[in-house]
Amino acid sequence: MAKRALVAGGGGFLGSHLCELLLSKGYEVVALDNFVTGRRANIENALKLGLKLVEADISKNFKVEGRFDEIYNLASPASPVDFKKMPIFILDTASAGHRNLLEIGREQKARVLFASSSEAYGDAEVHPQHEGYFGNVNPVGARGCYDEAKRFGEALSMAFHRQHGVETRLARIFNTYGPRMRPDDGRIIPNFFTQALKKQALTIYGDGSQTRSFCFVTDLARSLFMLMQSSEVMPVNCGNPTERTVLEMATIVNKMTGNTAGIRNLPLPENDPKVRRPDTAKLERVTGWKPEVSLEDGLAKAYEYFKMELKRNPSIEATVFQ
């Protein structure tokens, strides 16, 4: 009998890729999404492959039919532009929303994976970031709604695990990129490609020496699936451990697209992390996961996607934080 999986946020960038991966492994998959930031276009292919869709907000009353073996909670706006627009919604999603999914897990004895974030480490003072580091987070800063939402979701998961025996999994997700990202969501890769394709100067905050580690979306989805199959309850970093400066990434994108408009520098936003690189030793130890898609190949796929997006809607502009 096929396993059944519920993917909250299944219409989103990462969630839609996870749905396709689960379907390819013979799962019956139900995507739960309210499409606040997800898009129906993301799951068009998955729906043809048998994906079932329930349109609902996990922080409200909702109903899904049948029992589930695995529940993946990827539901949350995750871009800086969202932090300013819907901070209370983000906090509700990780608190009331995640609790609703944990209650289903408790009732059905299903495993529940919470998509946490490298933002749980804040502006890290330890590098690379390992799971034993408690972080450097400003709870009242502009990013606090997201950082603290993820930290609370982790605490809530552990409370359900300790008090009710729910089999929980905690994935601290680092920078992920690839097809189905919103071109105007304000993150590095969408911004750079959107600006480069429009022959605009790429916006860098600060001098570009800050670092990020970029994981292609199919690799990240695979890490979530493999973590769910493991027996690890405590947090696990999920992401590509190869570190790049923001300036290096801008140079690569400008060269790839033939953009000669160069770069423009703006001040660093409040609490913007200076370094970001996951220590993935634990992920590799408990799952055997390793990245498969090179940065060169991943960026080529992202380039083709963003070209199509801008052809479909030429009025799209990158989101720049002044």
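Valine 7 has tyrosine 72 as its bridge partner in strand E4. The model is predicted: local features need pLDDT of at least 70, side-chain atom pairs count only at pLDDT 80 or more, and totals for chains, interfaces and linings use all residues. Residues are numbered from 1 along each chain as its sequence is written, and side-chain values use heavy atoms, with hydrogens and water left out.

**Sheet**
- E1 (residues 4-8) and E4 (residues 70-73) run parallel and are joined by 4 bridges; strands (E, at least two residues) and helices (H or I, at least four) are DSSP runs, numbered from the N terminus.
- The open sheet has 7 strands in the order E3-E2-E1-E4-E5-E6-E11, with parallel pairing (two strands pair if DSSP finds at least two bridges between them).
- Its edge strands, E3 (52-55) and E11 (236-238), each pair on one side only.

**Helices H6 and H8**
- H6 (residues 188-197) packs against H8 (residues 246-257) at an angle of about 35 degrees, with axes 10 Å apart; axes are lines fitted to C-alpha atoms, for helices over the stretch in contact, and angles run from 0 to 180 degrees between N-to-C directions.
- Residues of H6 that meet H8 include Phe192 and Phe193, and those of H8 include Met249 and Val253 (contact means heavy atoms within 4.5 Å).

**Second largest pocket**
- Residues lining the second largest pocket include Arg39, Tyr305 and Arg312; a pocket is an open set of points on a 1 Å grid over the protein atoms alone where a 1.4 Å probe fits, with protein on both sides within 12 Å along at least five of seven lines, and lining residues have an atom within 4 Å of a point.
- H10 gives the most to this lining, with 4 residues.
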